[in-house]
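Please read these notes with the model open beside you. They go through it point by point.

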Amino acid sequence: MSIDEGKVLICDDSILARKQIKDIISIVGNPTILEASDGEGAIEMYKAHKPDLVFLDIVMPKKDGNIAIEEIMAYDKDAVIIIVSSVGTHSQLKCALEAGATDFIQKPINKIQIIDALNKYLGR
Amino acid sequence: MFNQFFGNYLFSNGHITKEQLLPALARQSKAMMHVSTLALYSGYMSAQEIQHVIELQEEEGKKFSELAIKYGYLTQHQVMELLNTKAPDFLILGQILINDGVFTYAELENILTDYRSQAEFLDFELNDENRNDFHRLVEDFSIISEAAIPEFGKSYLELLFNNFVRYIGDDFSTLPPSLCTEFATECCVSQTIEGHYVVNTYFNMDEATALAFAERYSGEPYHEVDEYVMASIEDLLNLHNGLFIVNASNDSLNELSIGVIGHHPNTIINFENVTYLFPICYPFGIIYFIMEIISL
């Protein structure tokens with residue numbers, strides 16, 4: 001699959017963070033972009049569209065990122081979820097990875113890490 | 001030394017009033033340095049010598065540097081060196097206050113001597129090590145406050161000032177913190193840090209300040225306070241608190257967490273716990289950082 005054929009779900013309660021990730025994605029390709037601003041929205045969006053890659057914040061209203069990971073993984077054990085969060089504590093990292101997250105990107109959002117993730121999980 | 005603390009130093013030591021400081025900070029980015037002030041700062045001329053040259057200027061109507069060379073106070077080489085030197089921001093603030101008639105050269109000379117000895121710095125330019133070393137300054141800063149700031153609060157402020165330098169710019173000046181029981185908000189967001197202590201943290205600023213803040217933070221121009229502008233304020237608070245709890249968790253076994261961002265536009269917040277108000281003054285406006293200690 002090329003990046004342009006992929007579907008990417010960006011879930012963050014910050015509209016600015018979502019825009020930053022979208023802007024970075026547009027540098028390398030033009031995949032279908034889906035957005036959600038809370039954990040509940042992310043779960044619904046995932047079930048409706050089954051995206052190939054999810055960028056997910058942790059601290060969000062209406063179900064936080066950890067709950068969203070658990071519910072998405074329960075629905076699709078092959079989901080690829082990259083945490084993008086400022087809360088990179090050891091216990092948070094452990095919690096997210098145990099719940100099924102594939103990777104963790106510490107905010108501030110790093111362009112190279114986002115592009116690497118796109119190439120790794122969509123550019124296959 | 002950091003300009004961030006020079007304004008605070010001037011204010012705290014009674015050299016200037018807030019009414020004199022704030023307009024001076026607002027003009028900082030546009031101010032031109034004079035050779036006379038650079039000569040004073042570099043130690044090439046005393047305030048008395050500068051005053052003499054200024055008097056000669058009135059008589060002879062020539063440029064300051066020309067007369068300073070003519071009367072043997074400066075060499076041509078020194079003038080060139082001064083003209084090619086980038087002045088530190090805090091000296092620019094000093095220049096504005098001289099222009100405004102707040103200080104004479106003699107007063108600025110004394111203030112700089114005192115400020116330098118307090119700050120124990122000798123170098124004209126900052127190096128990265130100095131720039132990142134906010135620790136002692138935060139200690140001094142916190143002593144000024146009306147109530148002792150808890151230890152974690154000092155680490156928090158140290159990181160906050162670093163993050164302001166990193167994400168908004170180093171051209172800010174702090175004013176002494178004060179205790180606060182109520183606050184009238186404008187563009188205001190909050191976030192709670194929770195663990196073995198609990199604090200509420202807030203950023204508040206007026207709309208014009210919010211626009212300029214967001215432009216600096218995101219690098220995009222904004223013309224009205226929209227959701228992107230507010231998201232910029234939220235983002236920095238969230239990012240800063242996230243980085244703080246990562247550091248705090250690495251330094252101890254106590255895990256902290258942060259809550260979702262709260263919004264408090266144009267309202268009055270009453271604080272029932274000890275609450276500190278920290279004004280952070282940029283040329284584009286004042287950002288108020290508020291820390292309410294819920295439990296220790």
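1. Helices (H or I, at least four residues) and strands (E, at least two) are DSSP runs, numbered from the N terminus.

2. This is a predicted model, in which local features need pLDDT of at least 70 and side-chain atom pairs count only at pLDDT 80 or more, while totals for chains, interfaces and linings use all residues. Residues are numbered from 1 along each chain as its sequence is written, and chains are lettered from A and ligands numbered from 1 in the order in which they are written.

3. On confidence, pLDDT is the predictor's confidence in each residue, from 0 to 100. Chain B averages 84, and 85% of its residues score at least 70. Residues 121–133 of chain B stay under 50, and the model has six contacts for them beyond four places in sequence. Two residues are in contact if their C-beta atoms, placed from the backbone, lie within 7 Å. For the complex, the predictor gives an ipTM of 0.85 and a pTM of 0.75.

4. β10(B) also pairs with strand β9 (residues 275–282) of chain B, antiparallel, through eight bridges. These two strands form a hairpin with two residues between them. Within this pairing, B:I280 stands opposite B:I287.

5. Where the chains meet, 17 residues of chain B are in contact with 17 residues of chain A. Helix α13 (residues 227–251) of chain B gives the most to the chain B side, with 13 residues. By class, that side has eight nonpolar, five polar and four charged residues. Here Ala, Val, Leu, Ile, Met, Phe, Trp, Tyr, Cys and Pro count as nonpolar, Asp, Glu, Lys and Arg as charged, and the others, Gly among them, as polar.

6. Chain A has an open sheet of five strands in the order β2-β1-β3-β4-β5, with parallel pairing. β2 (32–36) and β5 (103–106) of chain A stand at the edges with a single partner strand each, so one side of each has no neighbour in the sheet. From one strand to the next, the twist averages 20 degrees. Inside the sheet, β3 (residues 53–56) and β4 (residues 81–85) of chain A pair over three bridges, and A:F55 stands opposite A:I82.

7. Helix α1 (residues 15–28) of chain A lies across β1 (7–11), β2 and β3 of chain A, at about 155 degrees to β1(A). Axes are lines fitted to C-alpha atoms, for helices over the stretch in contact, and angles run from 0 to 180 degrees between N-to-C directions. Helix α2 (residues 39–49) of chain A lies across β1, β2 and β3 of chain A, at about 170 degrees to β1(A).

8. Two residues of chain A deserve a check of the backbone. The peptide bond from A:K107 to A:P108 is cis, with omega near 10 degrees; A:P108 lies in the loop between β5 and α5 (111–121) of chain A. A:K62, in the loop between β3 and α3 of chain A, has a positive phi, near 45 degrees, and is not glycine. Most residues other than glycine have a negative phi, and most peptide bonds are trans.

Conventions: Two strands pair if DSSP finds at least two bridges between them.
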